[in-house]
Amino acid sequence: MKNLWQKLVDKYGYPKVFITILLIILLIIAIIQKQSVYGLLKDSLVRIGMNSVLVLAMVPSIVSGTGLNFALSIGIICGLIAGCITIEMNIVGLKGFLTAVLISIPLSVMAGYLYSILLNKVKGDEMTVGTYMGFSVVSLMCIGWLLLPFRNPEMVWAIGGRGLRTTITLANKYDKVLDRLITLPNVDLPIGTFLFFAVCCFFIWLFLRSKTGIAMMAAGSNPRFAQASGINVDKYRTIGTILSMVLGGIGILVYAQSYGFFQLYTGPLMMPFAAISAILIGGATARKASISNVIAGVILFQSLLTISLPVINRMMPEGNLSEVVRIIVSNGVILYALTRVGGNE
Amino acid sequence: MGETKNTYIIELKEIEKEYYGNKVLKGVSLAVKQGEIHALVGENGAGKSTLMNIIFGMPVIFNTGGFSGEIFFEGRPVEIKSPREAMELGIGMVHQEFMLLPGFTITENIKLNREILKDNIASKIFGPKLKTLDVAAMRKDAKKALNELGMNVDEWLPVAGLPVGYMQFVEIAREIDKKNVKLLIFDEPTAVLAESEAEKLLDAMKMLAAKGIGILFITHRLNEVLAVADNITVLRDGEKVGTMRKEEASIEKMAQMMVGRKIERVEKSKGRVEKNTEVILSIRNLYVDMPGEQVKGVNLDVYRGEILGIGGLAGQGKIGIANGIMGLYRAKGEVYKNGKKIELNNPRKAMENGLAFVSEDRRGVGLMLDESIELNIAIGAMQVKGMFLKPLLGLNWIKLLDERKVRENALKYIKELDIRCTGPTQKTRQLSGGNQQKVCIAKALVLEPDILFVSEPTRGIDIGAKKLVLDLLVKLNVEKGMTIVMTSSELGELRSICDRIAIVYDGKIEGILSPQDSDTDFGLMMAGEYKSHSREEAL
């Protein structure tokens, strides 16, 4: 028994093993509570699809050596701006979604490039600087959302007619266009979103095996080695950061189409943290990450959140304990991972 | 005074010390009298620092299993277990790197932790922890110590802005201000000083000795030894080669004792090449800003097909040459390969021009420790020469990793260089030092360089592996005609495989020797005495 435990921990790492056990316990309790397990699992899948691309956005930043992208909110904001622009232009449906993705890319590239200039000046402290950079940009954009010249009455405050609302509904725009892209009879699952995520994963996987991707990996794995191998370390850190921001922008659009709303203002504030927890639970570290970490992480983390909510609420109807559990788990995992930055030597 | 003159302040008897099974001191005995300046000379790694650490009770000694042998201080056997105990006995140490607080004044530095205190109201009520500093008295003491050294610098100045020479004197002033100091250890005190400052320091040492303080002076500047020392002990490979009085000593003699005959083998088949003097690489006026290994204007020609050794003591800049040419540290000057100028400060350009480098910092620069052997070997050639790539679906602008070729290549080198591993996908972190070094060499060889720079190829690897690595270099040179520039701190190693050996002193080439040249010449060059010495002989 002890051997088995040790083997599991060695192979999958503490976070994965613990979260899996917690998940199983929650599921058993759910069955005892006579909750609809089918419903819980379905909700989990929806949330997994929703968050998948955001989690994937962590990969290029970790691989290029800038660590976990705590400033992903910058990319998220770029995605939100692009989304608002398509609504302003009144482009709806799948076309609207794809237009938003296309518009978000140049915005994210620009933001990622500027942010990488900062990152290349604070080597070693990227994660701390990134956290506060993310917070600052979100706060700055709180002013921005008020001032941006959007006119569409569905987005601006009803009274006064200036400034965007905190929540913009996507009903009749591109609510669930990916989720319902492919529908099978009697199965209501976000197959389209999964497909989109799979395509993104495939491209990142290809990229990581290209000459550029391998140079980026070397720059992240050992900058001095990379330099001695004729690799321009700063350049590849920049590429990694830009790629992460672009995926962040696309990620939020995928998230929003499934969720049905854009959340502006402080909406993006804590979003990087959920993505970071997920990839860390998936077995990534601040220096090493792979596509499989993304997939395992997003499945474990989002199922945990989805299932724990109704189960714990049923156990203790008063208060919002499930929210507390979510915060403990997600921040606890980040804390654990950050103590491991140096590796397991 | 007369009777105490003959008592030893410190006597070391049969000191032995090993680090992890590696003997660094093999029964060294040494004694210093009152008022004597005793010089301790030897190459890097001869055991000088270890001996000093033992006398000063540094924790590193006890953390690695202690030492054997006896120490007598003023005739009594003592056990020095910490620097604090050493200080209480009256042993002071002037470090090579300054141990001063830059933001504090000279006085504060001299009196640190030994401040003169006076009472005030608070201390009378709440106890002695709250006593105030008696700044006036402290300044007076500091001034006195500085005056003794012949320094007239204001004692209230902060240390931060002082010239290095002054800092060294502040450090000495701190030691002599300790009232009971009986033995002072100077660990290469002149290494960072200009000549005039060094002279002043030597004067100060003589003066301190005249007051009856025993001085142990570690250096590799042989002229300084002759200038001040009463007795000289030479260490080599942890053994005492000899002790002599000043009158018996000469620079040649010390140089020869320092280097010694320690060539185990000359491997190269003699009739191999008729002397080739076609210059393949020429270095002109090279300056490299590498911390601790500054290169200050090197001129050097490398001949096609030779193994050129670059030797010299640590810190003189030998390591900086290859690092500068390969673009890893900022360099200026000119480097020509086959008459074509190579752009400096650009590792990629250097590699494209057929240079390859095996770094002295294997784990820091040489390898990605968390990646596989095969990727470590392939990555340089992939990035610089576009090897190991294949197009995606026939599209030439998307190049993907060609795993099959990477694997084949890794297997080839694992076999050729005999890299002991579980397979090409093993992480390099798990390999032993010698095998890691082979991966580094394989990485350089994949680039198919015309000139291979190898820095400290045998550092930190065991003896068996050392021989393998050296044999490998000779094999590459003989069989593939590769020009090799090998930098090493181990002279014996250079003399065993090199055709010519350039000795670096103070950032410049002091001279070029053949491996068969005498120990004296090598010793003199490493100590920077060769040119001046041969001048004297000519007179």
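At what angle do H14(B) and helix H16 of chain B pack, and how far apart are their axes? Keep that in mind as you set up the view.

This is a predicted model, where local features need pLDDT of at least 70, side-chain atom pairs count only at pLDDT 80 or more, and totals for chains, interfaces and linings use all residues. Residues are numbered from 1 along each chain as its sequence is written, while chains are lettered from A and ligands numbered from 1 in the order in which they are written.

**Stop one: the helix pair.** Select H14(B) and residues 433-446 of chain B, helix H16. Helices are DSSP runs of H or I, at least four residues, and strands are runs of E, at least two, numbered from the N terminus. The pair packs at about 35°, with axes 7 Å apart. Axes are lines fitted to C-alpha atoms, for helices over the stretch in contact, and angles run from 0 to 180 degrees between N-to-C directions. Now show B:Ile373, B:Ala378 and B:Ala381, among the H14(B) residues that meet H16(B). Across from H14(B), H16(B) includes B:Val439 and B:Val446.

**Stop two: the chain contact.** Select the side of chain B that touches chain A. Here 23 residues of chain B are in contact (C-beta atoms, placed from the backbone, within 7 Å) with 17 residues of chain A. Helices H12, H13 and H14 and strand E20 of chain B each supply at least two residues. H14(B) gives the most, with 5 residues.

**Stop three: B:Phe453.** Centre on B:Phe453. Beyond its neighbours within four places in sequence, B:Phe453 is in contact with residues including B:Ala322, B:Met326 and B:Val485.

Key:
Two residues are in contact if their C-beta atoms, placed from the backbone, lie within 7 Å.
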